[in-house]
Amino acid sequence: MNRLPFQSLVVAACLAAVLTQVSPSQADAPAVYQPAGAPADPKVPARWNYYRDYAQATGLLKQIAAAHPEWCRLQSLGRSYGGRELWVMTITDQSGDQAAEDARPGFWIDGGIHANEVQAVDVVLYTAWYLAETAGRSDFTTRLLRERVIYLMPMMSPDSRDAHMQEPNTTHSPRGGQMPVDDDRDGLFDEDPPEDMDGDGSITSMRIVDPHGDYIAHDKYPGRVMRIDPDAPPAAGVTRYRLLGPEGYDNDGDGRVNEDGDGYYDPNRDWAWQWQPAYVQRGAYRYPFSIKANRLVADFITAHPNIAGGQSYHNTGGMILRGPGSRSDRWPREDIAVFDRLAERGEQMLPGYKYLETGTGLYEVWGGEHDWLFAMRGVFAFTNELNTPFNLFRQQSGGGPIGSAEDRYKFDRLLLFGDGYADWTPVDHPQYGSIEVGGQKKTWGRQPPSFMLEEECHRNMAFTLLHADEGPLVEVDSVDVQPLGRGLRQVTATIVNRRLTPTRARHDVANGITPPDRVELSGAEVVTAMTSRTMLFDRATEVTRQPTAVRLDSVPGKSAVYVRWLVTGGGPIEVTVRSVKGGTASKAGGE
């Protein structure tokens, strides 16, 4: 007996029964196995294994803002020297009014002030995308954005970002802006830049055969060069080379090559704290905030005194930097202790990164942004130097912030398959004669390769959001009302800040950067008031001025301050605490 038709009918019947319980969309789109840590089915799909130019980054920001109007708002601070909009995205719970938003503790994030440090922009873009896509889904993100407001500026030097990405450059250029500057003081502006002599899109290096040169072909990686060991000179017959610098010609006939390219000034030497002129600090422009984009950023931050924390992204070397940038500058120990606690967590979250004080651990910087943020705005701000050479082989590497040449060559061969370096190509140079050009491309060195970019973005974002979440946040923990007789009542309020960062830095208190915190009482007539650091009021301080609105220097991190009033009159009591950087909170007590 042939059973096949019957079996086929059974299979068909079972399949039909299953399909009647599955919607067409479910049948056509099988479930995706989503790894932890990434937003599932984002409204704005985005890849994080390539670098976006200005137009692409602008398009992404507009998409995010349009897809998430309940959380995101995009605005321009103005235009750059080259006419590009300077975008700032505000991300917070947008359901309230502007006054409520401005009263929340704020956090500032920026990237790309040095435009060749390309992944700095992408970390900020990733942060904006991740916050918007997980708001309302992630308990952490949702709480963070209801408690706080995050301001993100991905591209602080958009003109030079496009110059780096769309024009031939090295991995290090352009670091400055695009306003023309007469670097060699010959009356001409930007007349002798590097040139892409072999047309490969990068400014690589020039070398010439020289029997007395300092370089030879690398013994393990023949397409690369290495410096001659002076204790073991090369054997006879080995070709020696002299490196001549980046590709380029003597355009102005002054006997020098590449001495006046893109106008050199450093946007991170333009800020008003500890600023010094160019003869002291190379890269300083005319005077503090003489660079338009910086002035617009400074105006925005000044107009938002609620900003309590900040993060700037640079590259390279794998560092978590704080100020001061000048070795002669001094910051209070209490404030440095806050930086230390945050950075300790950062070193755990960012393998291979080192926490350093800029002036003593890296090099001196006068007029740097993160110094200005702390010293003139009271903002606890870090600068992260992205892309540690530790990530090449998950071990320490010598050779400075981009690793040893040996490790870079090995990584290029084993993981990039030669994509990080251009082969040496013969060129007839009008000044030098027969030379070769080749070496490191602009797309490799300071920035991580494509497959390592998303991890760099996410880890740095996570550290920054930890910092934001540890920003000050005031609460009225309790309001205790006790009758004392003869019409008097004693009201005791406990004001707490459960986060690590104080409502005002010690430096802020000493220099009056922001107004004191205030604890206000309503619902009764105040006779007198006092404050204490302990609930026993054993070392109380009498408030002799405006006892209905008691001023507090600061509410320390992970701590409490106690306020006590003697009042007359019955009825309910309400206590409100208002902190410029720590937010606003109220609590009722009494009958």
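What is the handedness of the crossing of H3 and H5? The crossing of H3 and H5 is left-handed. This is a predicted model, in which local features need pLDDT of at least 70 and side-chain atom pairs count only at pLDDT 80 or more, while totals for chains, interfaces and linings use all residues. Residues are numbered from 1 along each chain as its sequence is written, and side-chain values use heavy atoms, with hydrogens and water left out.

**Terms for helix packing**

- Helices (H or I, at least four residues) and strands (E, at least two) are DSSP runs, numbered from the N terminus.
- Axes are lines fitted to C-alpha atoms, for helices over the stretch in contact, and angles run from 0 to 180 degrees between N-to-C directions.
- Angles under 35 degrees count as roughly parallel, over 145 as roughly antiparallel, 65 to 115 as roughly perpendicular and the rest as oblique.
- A crossing is left-handed if the near helix is turned anticlockwise from the far one by less than a right angle, and right-handed if clockwise.

**H3 with H5**

- Helix H3 (residues 54–67) packs on H5 at about 15 degrees, and their axes are 10 Å apart.
- That angle makes H3 roughly parallel to H5.
- Ala57, Leu60, Leu61 and Ile64 of H3 are in contact (heavy atoms within 4.5 Å) with Leu125, Ala128, Trp129 and Ala132 of H5.
- This contact has eight nonpolar residues, no polar and no charged ones. Ala, Val, Leu, Ile, Met, Phe, Trp, Tyr, Cys and Pro count as nonpolar, Asp, Glu, Lys and Arg as charged, and the others, Gly among them, as polar.

**H5 with H14**

- The axes of H5 (residues 119–134) and H14 come within 9 Å and cross at roughly 65 degrees.
- H5 is therefore roughly perpendicular to H14.
- H5 passes H14 in a right-handed crossing.
- From H5, the contact includes Asp122, Tyr126 and Tyr130; from H14, Glu454, His458 and Met461 are among the residues involved.
- By class, the contact of H5 with H14 has eight nonpolar, four polar and three charged residues.

**H9 with H14**

- Helix H9 (residues 333–349) and helix H14 (residues 450–469) have axes that come within 10 Å and cross at roughly 160 degrees.
- H9 and H14 are therefore roughly antiparallel.
- The crossing of H9 and H14 is right-handed.
- Leu342, Arg345, Gly346 and Met349 of H9 meet Arg459, Ala462, Phe463, Leu466 and His467 of H14.
- Five of these contact residues are nonpolar, two polar and two charged.

**Aromatic rings**

- The structure holds 24 aromatic pairs (rings of Phe, Tyr and Trp, its six-membered ring, with centres within 6.5 Å).
- Ring pairs link Trp331, Phe339, Tyr355, Phe374, Phe380, Phe382 and Phe463 into a cluster.
- The charged end of Arg52 sits over the ring of Trp48, 4.5 Å from its centre. The criterion is NZ of Lys or CZ of Arg within 6 Å of the ring centre and within 35 degrees of the ring normal.
- Arg295 has its charged end over the ring of Phe289, 4.5 Å from the ring centre.

**Backbone**

- Most residues other than glycine have a negative phi, and most peptide bonds are trans.
- Asn315 and Thr316 are joined by a cis peptide bond, with omega about 25 degrees.
- Thr316 is in the loop between strand E9 (307–315) and strand E10 (319–322).
- Gly323 and Pro324 are also joined by a cis peptide bond, with omega about 0 degrees.
- Pro324 is in the loop between E10 and H9.
- Phe417 has a positive phi, near 55 degrees.
- Phe417 lies in the loop between helix H13 (405–414) and strand E13 (421–429).

Technical notes
Rings of Phe, Tyr and Trp (its six-membered ring) pair if their centres lie within 6.5 Å; planes under 30 degrees apart count as stacked, over 60 as edge-to-face and the rest as tilted.
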